[in-house]
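Trainee: I'm new to this one. Can you walk me through it?
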Amino acid sequence: MKTFKPFCAVVVFFLFFLSAFFSPAYPQTNGEDQSVAGKRYLYVAVPGIRNYLGYGGHGLLVFDMDNEHKFVKRIPTRGFKADGTPSNVKGIDISIPLNSIFISTLEGLQRIDLETEELVWERQYEGGADRMSISPDGLTMYMPSLEKDFWNVLDCETGNLITTIKVVQRAHNTIYGPSGRQVYMADIASPLLHVAETENHTVAKKIGPFSNGIRPFTINSDESLVFVNVNDLLGFEVGDLKSGKKLAQVVVEGWDKGPVRRHGNPSHGIGLTPDEEEIWISDGHNMRLHVFSAKPPYQQLTTIPLQDMPGWVTFSLDGKYAYPSSGEVIDVKTRSILYTLQDEFYNYVASEKMIEVHLENKKAIAAGDQFGLGRK
């Protein structure tokens, strides 16, 4: 027994060392509630529906996810047009290492420190700016021009241009893959999804063709599948990111696609639940979200009525909440509307540019994404 106890102590120490050494450096989630420590907030950039100030005014609105999504504060932002009026917000993203939130507008990009809530810098770029995406290490950004024929690759710390990547005609939505090795770029004028390799910032392959120009899209966590909205389709299409082939087209049943007030597209907004079990898509004409199984044959499951036209949808990291751009907070499991976002004046808030941030001692320790990405 005298030799057994020291031996056990050595074994326990060795196992502890292994678990510490091989633990993931960043918080992981499989769609279940595995939240890291710290407070959870939803950051909503406005005006996030065109330049309409009637959906929350101008600024960065913060909501407490752990307290019924109640309004916390409004952080002043920049992003003004030449005439001094607020410009359309086009995208939002987080760099955890830089402890900064980035907001793109029609003209350029601003970086705001999450601790001081002060502007670090604001820069304008030739060709304007659209919905950007930041690398998993928080240091590199792919930012599309404003529907022109190129993407800018930027250094997140300085905003300096690293290089440009040519596409077809109308650069728009961007997803930096969770592996950090590929970036997925949707050109509205092309039925092909462009895929860039980040090692040399060049287009390596194209996925499709899909049936029309690609609008919002999302990917699963192992970067094997892409789910896309395309022009003139109330529904979505599926592509294989490995083979490059289109796999399926899924049409919403029982609803007319009709005219829409914005985006000129029946379905503008698509999200994959973090557990990768469901696809949620926007229906602008009928002011609804339609829910599908994310597995073939992609069964249509239900529909959820909204208070306004949706143009985007994303999810909380734990998969509990869905956030359509129409301002509701939806319980993913029960499909029920729990809350609606309201500002400090109890005005209705709606935006297509929002992101979850976990803060501890004013430092970002985890962040979601403006896109509804798979996290399985």
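This is a predicted model: local features need pLDDT of at least 70, side-chain atom pairs count only at pLDDT 80 or more; totals for chains, interfaces and linings use all residues.

Trainee: How many helices and strands are in the protein chain?
Mentor: The protein chain has one helix and 29 strands.

Trainee: What span does the C-alpha trace have along its principal axes?
Mentor: The trace spans about 80 × 50 × 45 Å.

Trainee: And what is the radius of gyration of the protein chain?
Mentor: The value is 21 Å. A compact globule of 376 residues would come out near 21 Å, so the two agree.

Trainee: What share of the residues is buried?
Mentor: Buried residues are 55% of the 376.

Trainee: What about the accessible surface?
Mentor: That comes to about 16,100 Å² for the protein chain. Carbon and sulfur atoms hold 53% of that surface.

Trainee: Switching to contacts. What percentage links residues 24 or more positions apart?
Mentor: Such pairs account for 48% of the contacts with a separation of 6 or more.

Trainee: Charges next. How many are positive and how many negative?
Mentor: There are 37 positive and 45 negative charges. Their mean positions lie 1 Å apart.

Trainee: Now the sheet. In what order do the four strands of the open sheet run?
Mentor: The order is E8-E9-E10-E11, with antiparallel pairing.

Trainee: Which strands are at the edges?
Mentor: E8 (133-134) and E11 (161-166), and each pairs on one side only.

Trainee: How many bridges join E8 and E9?
Mentor: Two bridges, in the antiparallel sense, and E9 covers residues 140-144. Among the bridge partners, Ser-133 goes with Tyr-142 in E9.

How values were computed. Residues are numbered from 1 along each chain as its sequence is written. Side-chain values use heavy atoms; hydrogens and water are left out. Two strands pair if DSSP finds at least two bridges between them. The radius of gyration is taken over C-alpha atoms; the globule rule is 2.2 Å times the number of residues to the power 0.38. Buried means under 20% relative accessible area, exposed over 50%, partly exposed in between (1.4 Å probe, protein chains only). Contact means heavy atoms within 4.5 Å. Accessible areas come from the Shrake-Rupley method with a 1.4 Å probe; for residues, only the protein chains shown count as cover. Lys and Arg count as positive and Asp and Glu as negative; His and the chain ends are not counted. The place of a charge is taken as NZ of Lys, CZ of Arg, CG of Asp or CD of Glu.
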